[in-house]
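Hello,

The structure we talked about is below. My notes on it follow.

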Amino acid sequence: MKSITINGSKRESVGKKATKALRNAGEVPCVLYGGDQPVHFSAPTIAFNSLVYTPDVHTVVLELDGQKHNAVLQDIQFHPVTDEILHMDFYEFGDDQEITMEIPVHSEGVAKGVKNGGVLRFNLRRMRVRGLAKNLPDYIVADVTPLKIGNKLYVTAVTSDDYTIMHPDNTVICQVRTSRNVVAGADEDEDEDVPSTETDKVGAAAASNDD
């Protein structure tokens with residue numbers, strides 16, 4: 001997984017006045033947990049753009065007064081009106097320590113059901129997984145090619161030895177639904193296909209019986 005570096009400075013004053021002064025100066029007050037003691041620090045608001053305002057996910061290297069800390073974003077607070085970043089919490093981890101993150105899901109291929117007029121609908125755009133930071137991917141690939149109309153793709157289709165999926169096995173990533181554009185007699189040349197163990201066998205059987 002990719003990592004971004006954020007340079008910040010430790011802060012001693014953590015009261016309301018000091019926090020307000022930081023925000024007025026374009027800084028975001030933050031706290032780093034996971035060590036022996038919480039570390040209070042601040043960094044320029046612009047430094048967090050590539051971490052917050054992106055669909056991608058990253059780990060973070062916090063450089064605070066010459067010391068580096070590997071961390072993940074744990075919590076973020078926005079102003080209810082302006083959406084200004086008010087506060088951020090980070091959690092420090094070690095190289096041999098597993099972390100939990102939400103990883104984006106990217107589809108690959110064109111579903112057979114979509115070619116026949118169906119519509120691919122995603123139920124899960126991000127997956128919660130746990131593993132070592134070095135083993136976590138930038139995104140998870142979901143191959144939708146075998147899906148016929150009525151089929152579903154479950155999280156068991158994207159398992160990996162590198163991480164543990166934190167969703168139940170029956171959690172649906174995506175499915176192909178019927179639409180007005182469905183081709184009559186769709187999948188006629190695919191009746192002999194054996195439904196994938198990771199797709200909805202019931203839906204595949206129903207499609208076969210309709211032909």
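**What was found**

Of the 211 residues of the protein, 38% count as buried, where buried means under 20% relative accessible area, exposed over 50% and partly exposed in between, with a 1.4 Å probe and protein chains only. This is a predicted model, in which local features need pLDDT of at least 70 and side-chain atom pairs count only at pLDDT 80 or more, while totals for chains, interfaces and linings use all residues. Residues are numbered from 1 along each chain as its sequence is written, and side-chain values use heavy atoms, with hydrogens and water left out.

The protein has four helices and 13 strands; these are DSSP runs numbered from the N terminus, helices being H or I with at least four residues and strands E with at least two.

P29 is buried, at a relative accessible area of 1%. Apart from neighbours within four places in sequence, P29 has contacts (heavy atoms within 4.5 Å) with residues including R11, F41 and M88. G8 lies 21 residues from P29 in sequence, and their C-alpha atoms are 9.8 Å apart.

There is also an open sheet of three strands, in the order β8-β13-β11, with antiparallel pairing. β8 (119–122) and β11 (152–154) are at the edges with a single partner strand each, so one side of each has no neighbour in the sheet. Two strands pair if DSSP finds at least two bridges between them; β11 and β13 (residues 172–177) have three. In one of these, Y154 has V172 of β13 as its bridge partner.

Regards
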